[in-house]
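Please look over the sequence and the model before reading on.

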Amino acid sequence: MSVENTVTTKTSSELVNRDKPIKVKPLNKVTIVIRLTLLSLVLLSIYGFLTFDYKDVGLIEGIAASIANFRVMFTEAHFSHFNFLEGLHQVFITIGLALLTTLIGAIISLFLGLFAAQNLSTVRVSNMIKSFVAFIRAVPTVLWVLIFAVSAGLGSVAAVIGMTFHSVGYLIKAYSESFEELDEGVIEALRASGANWWQIVWQAVIPSTITYLVSWSFLRFEINFGVAVAMGAAAGAGGIGYDMFMASTFYLDLREVGTITFYILIFAILLEVVAIRIKRHLKTV
C-alpha cells in the first residue's frame with residue numbers, strides 16, 4: 001500500500017513539474033550583457049531616426065519620392081551616353097576584374113589552404129596562417145584597395161591587388177575548412193601505404209573536396225563581381241561601375257542608372273545559373 005502511494009505521489013509530482021515553464025536560457029551575465037547591448041542598439045537607432053536632419057522632407061514624402069525614382073529607373077530605362085554594345089563591353093570589363101582576382105586568389109589560397117588545414121600541417125603553421133588571414137578578412141575590401149592605391153595609384157591595378165588580397169583571406173579559410181572535413185582514416189591509410197604528402201594531396205584531398213572548392217570559388221567570384229562594380233566608381237577601375245557612378249552623380253540620369261542596373265542584375269543571374277550547372281556536373285561525375 002505504501003509503494004502504491006509512493007508511485008502515485010511521484011507521478012503527481014512529475015505532472016506538476018511538467019506544467020512548469022522550462023528555462024532554456026537561464027539569466028546570467030552573458031544574457032544580461034547581450035540584452036543590454038541589443039536594447040542600447042534599439043534605443044540608439046530610434047534616437048538617430050528621430051534626430052536625423054531630413055532637410056525638411058517628411059517620411060511619407062521621402063517614401064513617395066523613392067517609389068517615384070524607382071518607377072523612373074525600372075520602367076523608363078534607356079540608353080543615353082552609351083549604346084547596347086558599349087554597355088556589354090563595360091560589363092565584360094567588370095567580369096574580367098572579378099575573374100582575374102578570383103583566379104589569382106584561388107591559386108594562392110589552394111596552396112596556403114593546404115598548410116592551414118590542421119590535418120595536413122602542423123598546429124603552429126596552421127594557427128599562424130589562420131591568424132594572418134583573419135586579420136585580412138577583418139579589413140574591408142574597399143580599404144585594401146585604397147591602401148594599395150597609395151603605392152599603385154587609383155585604377156585597375158590597385159583594384160585587382162586589393163580585391164585579390166581580400167579574396168585570398170576569404171578562400172584560405174573556406175578551403176582549409178573543407179580540407180579539415182576529410183576523413184582522417186583516408187589520410188592515415190595513404191600514409192601507412194607509403195604515400196608522401198603531395199601524393200596524399202593530389203590523390204585524396206583534392207578529388208574528395210573538389211565540389212566544395214568550386215562552390216567556394218564561384219561564391220567568391222560572385223562577391224568579387226559586386227565588389228568590382230563598386231571599385232569601378234571608388235577606385236576608378238572602369239567597367240560598368242564607373243558608368244553607374246557617372247550616371248548617378250555626374251549626369252544625374254536615373255533612366256540610365258536603371259539600364260545599368262538591369263545589366264548588372266542579368267549578368268549576376270547568369271553567373272548564378274552557370275555556377276549551379278557546374279556544381280551539378282561535378283556531383284554527377
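At what angle do helix α4 and helix α9 pack, and how far apart are their axes?

## The pair α4 and α9

Helix α4 (residues 84-116) packs against helix α9 (residues 197-234) at an angle of about 150°, and their axes lie 8 Å apart; axes are lines fitted to C-alpha atoms, for helices over the stretch in contact, and angles run from 0 to 180 degrees between N-to-C directions. The contact of α4 with α9 involves 19 nonpolar residues, five polar and one charged, where Ala, Val, Leu, Ile, Met, Phe, Trp, Tyr, Cys and Pro count as nonpolar, Asp, Glu, Lys and Arg as charged, and the others, Gly among them, as polar.

## Basis of the model

The model is predicted, and local features need pLDDT of at least 70, side-chain atom pairs count only at pLDDT 80 or more, while totals for chains, interfaces and linings use all residues. Residues are numbered from 1 along each chain as its sequence is written, and side-chain values use heavy atoms, with hydrogens and water left out.

## Fold and burial

The protein chain has eleven helices and zero strands (DSSP runs, H or I of at least four residues for helices and E of at least two for strands, numbered from the N terminus). Of its 285 residues, 33% count as buried, meaning under 20% relative accessible area with a 1.4 Å probe, protein chains only.

## Annotated spans

The unreviewed UniProt entry places "transmembrane region" features at several spans, including residues 200-219 and 257-276; such annotations may be inferred rather than shown by experiment. Residues 200-219 are 100% helix, with end C-alpha atoms 27 Å apart, and residues 257-276 are also 100% helix, with end C-alpha atoms 29 Å apart.

How values were computed
Buried < 20%, exposed > 50% of the residue type's maximum accessible area, 1.4 Å probe, protein only.
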